[in-house]
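Below is a protein chain, shown as sequence and as a 3D structure. Keep both in view while reading the paragraphs that follow.

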Amino acid sequence: MKLKPEQVGAKLDRPGPDLRLYLFHGPDTAGAMALAARLAKGVGEGAERVDMDGAMLKARPGLLADEAASMSLFGDKRHIRVTGMGEESVEAVTLLLGAASAGNPVAAIAPTAKATSKLVKLVTASLNAVAVACYVPDAAQAAKLAVGLAREQGVRLLGDVPERLAVVTMGDRAVLASEIEKLALYLDAAPDRPRDADAEVFDAIGASIADAEANNVVAAMIAGNAAAAALPEPPGGGAIPLLRAVARRLLSLAEMRADIDDGQPVDQVLERHRVFFKEQATTRDALRRWDAARLARAVERVRDAERAALSGSGLGEVMTAAEAIAIARAAGRGR
């Protein structure tokens with residue numbers, strides 16, 4: 001089945017045995033991860049999570065179906081999360097959807113899978129799986145998304161607050177959800193006790209999002225300028241905003257790179273992806289430096305660093321600094 005992100009919420013909050021696989025595909029990996037986290041919450045607090053990736057499923061296609069049907073050692077609830085899924089996982093997904101039983105739901109993140117891919121077509125045609133296209137929303141869509149997410153938290157966004165949230169979060173669903181959670185906590189809001197959030201409330205808590213300095217670091221990383229990327233500490237509010245900013249840039253390049261590898265002219269690709277005219281020269285240069293394989297590796301490394309930052313282990317800042325230099329050097333090798 002094919003669903004829009006706003007249609008899948010109820011199925012994530014109350015996952016049933018009729019759906020075995022939730023495929024979140026498209027360049028908005030942050031949004032896809034947020035939806036996967038919502039499914040995990042729907043399965044139950046404390047449920048066991050089994051992590052896999054596309055490379056594992058390519059080597060062992062039957063692993064996904066086996067884990068989906070496996071019981072926890074202590075009978076606890078469990079779910080499966082697959083990152084970096086692509087065409088290499090078609091056989092694994094086919095086995096899962098055709099298995100006699102599968103009690104553990106699977107959330108699969110496939111950032112480079114297009115709607116025309118075999119993987120997406122397979123899931124769309126199935127009655128026991130859903131495919132959700134995840135694209136970074138534009139300003140109007142992000143403002144509408146903000147209103148909906150806030151309503152779920154019991155927050156009514158007033159005035160221009162939805163538009164301001166859309167701007168400062170740059171359309172990142174996960175960051176947007178985080179900022180709305182701050183508003184809800186500040187207002188002591190909940191679905192059964194709704195509160196209003198106006199401009200004064202928004203200004204009172206402030207959104208800590210990557211600023212212009214962070215954007216400059218991202219540009220240096222992508223362009224291969226290791227010296228400019230090597231800062232003593234992440235700018236713009238810490239490691240996570242910077243990592244998400246560079247991930248968005250890498251995923252955008254990956255989508256354009258895929259179109260070029262399919263034979264589409266560069267000018268046509270830049271126009272279709274609505275690249276701002278002032279950014280076209282640097283985007284052309286980036287597309288010359290980065291091939292599909294290096295982009296995929298860079299995205300996975302950035303996500304590893306983000307997970308470390310979210311874990312609170314203290315490694316996030318260190319990994320961010322290391323990845324900034326590593327990505328810049330990778331870009332430099334692509335000259």
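**The chain as a whole**

Of the 335 residues in the chain, 46% count as buried, where buried means under 20% relative accessible area, exposed means over 50%, and partly exposed lies in between (1.4 Å probe, protein chains only). This is a predicted model, in which local features need pLDDT of at least 70 and side-chain atom pairs count only at pLDDT 80 or more, while totals for chains, interfaces and linings use all residues. Residues are numbered from 1 along each chain as its sequence is written, and side-chain values use heavy atoms, with hydrogens and water left out.

The accessible surface of the chain comes to about 16300 Å², and 54% of that surface belongs to carbon and sulfur atoms. Such areas come from the Shrake-Rupley method with a 1.4 Å probe; for residues, only the protein chains shown count as cover. Contact means heavy atoms within 4.5 Å. Among contacts in the chain between residues at least 6 apart in sequence, 77% join residues at least 24 apart.

The chain has 17 helices and eight strands. Both are DSSP runs numbered from the N terminus: helices are H or I runs of at least four residues, and strands are E runs of at least two.

**The sheet**

Six strands form an open sheet in the order β1-β6-β2-β5-β4-β3, with parallel pairing. Two strands pair if DSSP finds at least two bridges between them. The edge strands are β1 (2–3) and β3 (48–53), each of which pairs on one side only.

Two bridges join β1 to strand β6 (residues 129–133), and the two strands run parallel. Lysine 2 has alanine 131 of β6 as its bridge partner, and leucine 3 has valine 132 of β6. β6 also pairs with β2 in the parallel sense, over five bridges. Here phenylalanine 24 stands opposite valine 132 in β6. How enclosed is β6 by the rest of the structure? Four of its five residues are buried, so β6 is largely enclosed. As background, the side chains of a regular strand alternate between the two faces of the sheet.

Further along the sheet, histidine 79 lies in strand β4. Histidine 79 has 6% relative accessibility and therefore counts as buried. Leaving aside neighbours within four places in sequence, histidine 79 is in contact with Ala40, Val43, Ala47, Glu48, Arg49, Val50 and Pro105.

Helix α2 (residues 29–43) lies across β2 (21–25), β4 (78–83), β5 (106–110) and β6, and runs at about 175° to β5. For such angles, axes are lines fitted to C-alpha atoms, for helices over the stretch in contact, and the angles run from 0 to 180 degrees between N-to-C directions.

**Two crossing helices**

Two packed helices are described by the angle between their axes and the distance between the axes. The axes of helix α13 (residues 239–261) and helix α15 (residues 280–289) come within 10 Å and cross at roughly 70°. α13 and α15 are therefore roughly perpendicular to each other; angles under 35 degrees count as roughly parallel, over 145 as roughly antiparallel, 65 to 115 as roughly perpendicular and the rest as oblique. On the α13 side the contact is made by Arg249, Leu253, Met256, Arg257 and Ile260, and on the α15 side by Thr282, Thr283, Ala286 and Leu287. These residues divide into five nonpolar, two polar and two charged. In this grouping Ala, Val, Leu, Ile, Met, Phe, Trp, Tyr, Cys and Pro count as nonpolar, Asp, Glu, Lys and Arg as charged, and the others, Gly among them, as polar.

Leucine 287, in helix α15, is buried, with a relative accessible area of 4%. Not counting residues up to four places away in sequence, leucine 287 touches Leu253, Met256, Arg257, Ile260 and Leu270. Its C-alpha atom is separated by 7.9 Å from that of methionine 256, 31 residues apart along the chain.

Valine 90 is in helix α5 (residues 90–98) and is partly exposed, with a relative accessible area of 22%. Valine 90 and leucine 119 are 29 residues apart in sequence and 5.5 Å apart in space, C-alpha to C-alpha.

Aspartate 188 is in the loop between α9 (173–187) and β8 (195–197). Aspartate 188 counts as partly exposed, at 45% relative accessibility. Its phi is near 55°, a positive value in a residue other than glycine.
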